[in-house]
Each structure stands twice: as C-alpha cells, then as structure tokens.
Amino acid sequence: MADSDSSGPGPAAPTEVELLGLVIRGDREALSALYDRFSRQVYSLALRMVENQSLAEEVTQDVFMTVWTRGSTYRSDRGGFSSWLLSVAHNRCIDELRKRRRRAKLATISIDEMRVDPSTGGDEVLVAVLQRLDRETIVEALNQLPPPQKQVIVMAYFQGLTQSEISDVLGSPLGTVKTRMRLGLHKMRDLMAVERLADQNEL
Amino acid sequence: MNCEAVEEFLPAHALGALEGEDAAAVEKHLKGCPTCRLALDGHRLVVLNLPETVPQIDPPADLKGRLMARIDALSASAVAAKPLEAPGVARRWFGFPGQRRVQVLIASLSTVSLFLVGWAVFQTLEVNDLRDDNVEMASEIRKQWDTLAFATADGVQTVQLVGTEVAPMTKGSLLMDLEENKAILMVTGLTPPPKGMTYQLWLWKHETTPASLGTFGNVRNGYVMWRFQSPISLVANRFWGVTMEPRGGSEQPTGELVLAGEGE
C-alpha cells in the first residue's frame, strides 16, 4: 500500500499525515484533499464488502466523517494512514454485514463469485503505476492459493465470518476450515515476503 | 496456551475469525508474549493488504459534495451550540461575571467546538453503554455547556498547545480565566499514562524553572478535559508544557515534553 506516499503530483504535495494534522485543526480543505486521495480505495472496499452501491456510499461518507471527528485517534506507530483508514472502513462494513445477517439467512457463496480482479478498473494511470507492484503482488499471492484456502480467507475478511460461521455456510468440518485458513495465510505471507525480497534485489 | 498452540491460531486471529474461548486464550497469551505479537504482525501485514485485491472503482462524483455538506452542517451546529443560556451556567460554575463577547477568540472557538464534537461523539458512545443512566448524560452535557460558556466569556485567554516529536498527533487548548485563576485544559490524541504515571502541566514565567499547575491522568479515548484552579497567578506567562511524571507529580519536570505552547 502506498502509505506515507510523498511522490504525489508535485514536490510540495503534503503527506497524508500532514493533511491529517490540518484536519484535526479543522481544516476543511485538508479533508477534501484526503478524500481525493483515498476515497477510491475506501469506496471500492466498501462496495466489495457490502455489495450495495448506496450503502457503500454511506460507509465512505462515514469513514471520512470519522477522519474529521476522530482523526486524532490515528497512531502513526501502528501503521500507515491508508491502512488505518481502510481498517475503519472494514470495521464499518463488518458491522453492516452482521446487521444484515441477523436479518437474513446467509446464502452459500461459490468460489467462482470470489474471483479476484487484478485490473485497476479506471484510467488513473499514475496512481496505478505507483501502486502496481504492491497490488499485483498481493493479488497474485491470493490467486496462487488453492481455491478452498482462498475461499475461507475471503469469507473471513470480506464477509466478516468467523471460523464456525464459515464451517456452517460451507458445510465443512470446523477443523478443516481452521487448517485451510492457517495454511492459506501462511502461504500468502511467504509469497509476499519472497516478492518483497525479489524487489529489493532488483534495486 | 503455549506459544506453539497460539501460533496455530494467529492467522485466524489476524483475520478476525477467532471466537469464544480460542479468542480469549490467544488474547491473554499475546499480552505477555512479544514473540507471538511479532508473529501476529506478520499475518496482520497480509490482512492489511487484502483491500488491495479489490477492483478499484471511483465513487459517484457527487459523493464528495454530500460529504462536505455533512461536515459543514456538523461544524455549523457545533458553533451554533455555543449560546444563549450559557453565561448563566458559566457564572454558576466558574463564578465569573461579564457578558459574552462572541467575536473574541473566534479562532480558538473553532478548536473548542471541534474538541467538543469529538468529545460528544465518544461520550455518546460511552453514555449509550450506560443505557438509561440519564444522570450521567445530563452531567456530561452540562460540562460541555460550561466549557463553551467559559470559552466565550470575557477575559478568557486561550493558548494552543502542540504535540512535540514524541506525540505529534496530540493537540490541546488551555483556556484561562486570568481574573479568577481558573482554567480548562482540553487535549485530543493523548496516550493514557502507564500505571504509576501521570501527566503534569507546567508553566514558565521566566526562562529558568517552571511551576507546576497540577497533574491529570484521566485520559479517555485520547481525550482530556481537565478543569482546575491554578495554585499561582496565570497572568503574564510565557511558556506552557506537559510532561509525563510519576504519580503524584514531580517538583520539576523529569519526563520528556509531550505538549507545549507559547504565550503572546
């Protein structure tokens, strides 16, 4: 992820942490700038998770309202700003999904529906190039997993399901779900680490 | 649960998919085990990157306008909340006379309003937990009114405090009634002090040694609202600072400066 990205449109472009500092002081324009930089990521994640356009819009608004009212709770020592922002969005979506699940019975999801699309889906070439390496690495790592392992990871993260809920939905034994999740995440971590190492060697 | 057993659970924990006894046992172990916390970070790095796998789609063009309208409405309502019966409340609480002078401190007022918006948000969360505890809620609301009244009253000076390198996201305002030697310190983004420690507010009248204005350790969700009667005159000060000190406070600062502000 492009955290602390200072290679923006010009040499004087403020970092997101500088913008956040201004937001905390009540600078509306700084919030507007943060929105321009990150709303696409937030909206895309929300849309993927709640699968409903108007709800995704609501989540996106709420996330930036959180930045406005509680931006000071961000801690730079616990990760980059965009990670924090996307965690806020993720938690907000999980709340929505749990609410929805209480209302309706969850349908089984097929592996086909979980295909990960590596395209950027837009024309922002510059942003795409800046993020390309990371994005490709993570997308590839996820796509290299055996489908059953990928499935449980996607269900846990994007649908906010616990291991026993996944076991219920898939009709697989709980032990199997646990093993798949563990092996899958281990493998992703190793694949990402190998990629990062390869990148460093190229430099 | 030992490290080996916990290691098995870490991927699921990082994904938020653990539940019940497993989750509790892992949490308990992590608190006392830096090695497993480090291993968890490795998995969290993967999880934090998962949003990258989502196809990127632009939000509708009008969404930003709707967001900014919400923010303007929120800011307007916070400023509008400063008002009418407030002076009476302020007199009762702080006992200072005088009329409101709204245009005074207009810059600092926006800071105060923002603080109160944040404060209100988390108070509401906490108060919701208390369910029907109306007494608690009424008391919190009254405190907010008092603070706004204080901020807009005659003769109240404001000093902005800025987080130092050790606390770059921390901000504060110190509102002082110079006649009465009463003050309110409001801080956002402050880490709660570790056990046995507290924060201490200092003021430098001259360049040399500071005087203590007292200690405060009640940090909730990063917020502090501390009202106090100053033991010394608040007139003609040059420099304010907050340090972390052992509980009970120190004679002179021993910890690093966390927040600092300068007088005019």
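Predicted model: local features only at pLDDT ≥ 70, side-chain atom pairs only at ≥ 80, totals over all residues.
Are Arg92(A) and Asp62(A) buried or exposed? Both Arg92(A) and Asp62(A) are buried, where buried means under 20% relative accessible area, exposed means over 50%, and partly exposed lies in between (1.4 Å probe, protein chains only).

Residues are numbered from 1 along each chain as its sequence is written, chains are lettered from A and ligands numbered from 1 in the order in which they are written, and side-chain values use heavy atoms, with hydrogens and water left out.

**View 1. A salt bridge inside chain A joins Arg92(A) and Asp62(A).** Here the side chains meet at 2.6 Å, N to O; a salt bridge is a side-chain nitrogen of Lys or Arg within 4 Å of a carboxyl oxygen of Asp or Glu. Arg92(A) sits in helix H4 (residues 81-103) of chain A and Asp62(A) in helix H3 (residues 53-70) of chain A, so the pair ties together parts that are 30 residues apart in sequence. Helices (H or I, at least four residues) and strands (E, at least two) are DSSP runs, numbered from the N terminus.

**View 2. A network of salt bridges includes residues from both chains.** Its members are Glu58(A), Asp62(A), Arg92(A), Glu96(A), Lys99(A) and Arg70(B). Follow Arg70(B) to Asp62(A), and you will find a salt bridge whose closest N and O atoms are 3.0 Å apart. Another member, Glu96(A), belongs to helix H4 of chain A. With a relative accessibility of 8%, Glu96(A) counts as buried. Leaving aside residues up to four places away in sequence, Glu96(A) touches Val50(A) and Leu55(A); contact means heavy atoms within 4.5 Å.

**View 3. Asp72(B) and Arg28(A) form a salt bridge between the chains.** The closest N and O atoms are 2.6 Å apart. The pair runs from helix H4 of chain B to helix H2 (residues 28-50) of chain A. Asp72(B) is partly exposed, with a relative accessible area of 33%, and Arg28(A) is partly exposed too, at 31%.

**View 4. Glu8(B) reaches Arg182(A) across the chains.** Their side chains meet in a salt bridge at 3.7 Å, N to O. Glu8(B) comes from helix H1 of chain B, and Arg182(A) from helix H8 of chain A. The relative accessible area of Glu8(B) is 44%, which makes Glu8(B) partly exposed. Also in helix H8 (residues 174-202) of chain A is Leu183(A), partly exposed at 40%. Leu183(A) and Gln149(A) are 34 residues apart in sequence and 7.3 Å apart in space, C-alpha to C-alpha.

**View 5. Chain B meets chain A through 55 residues of chain B and 66 residues of chain A.** About 5,700 Å² is buried between them, with carbon and sulfur atoms giving 62%; buried area is the accessible area (1.4 Å probe) that two parts lose on being put together, summed over both. On the chain B side, Glu52(B), Gln56(B) and Met169(B) lose the most area to chain A, together 14% of what that side buries. There are 7 salt bridges between chain B and chain A, while the count over all chains is 16. Helix H4 of chain B provides the largest share of the side that touches chain A, 10 residues.

**View 6. Chain B has 7 helices and 8 strands.** Of its 264 residues, 47% are buried. Chain B averages a pLDDT of 74, and 69% of the residues score at least 70; pLDDT is the predictor's confidence in each residue, from 0 to 100.
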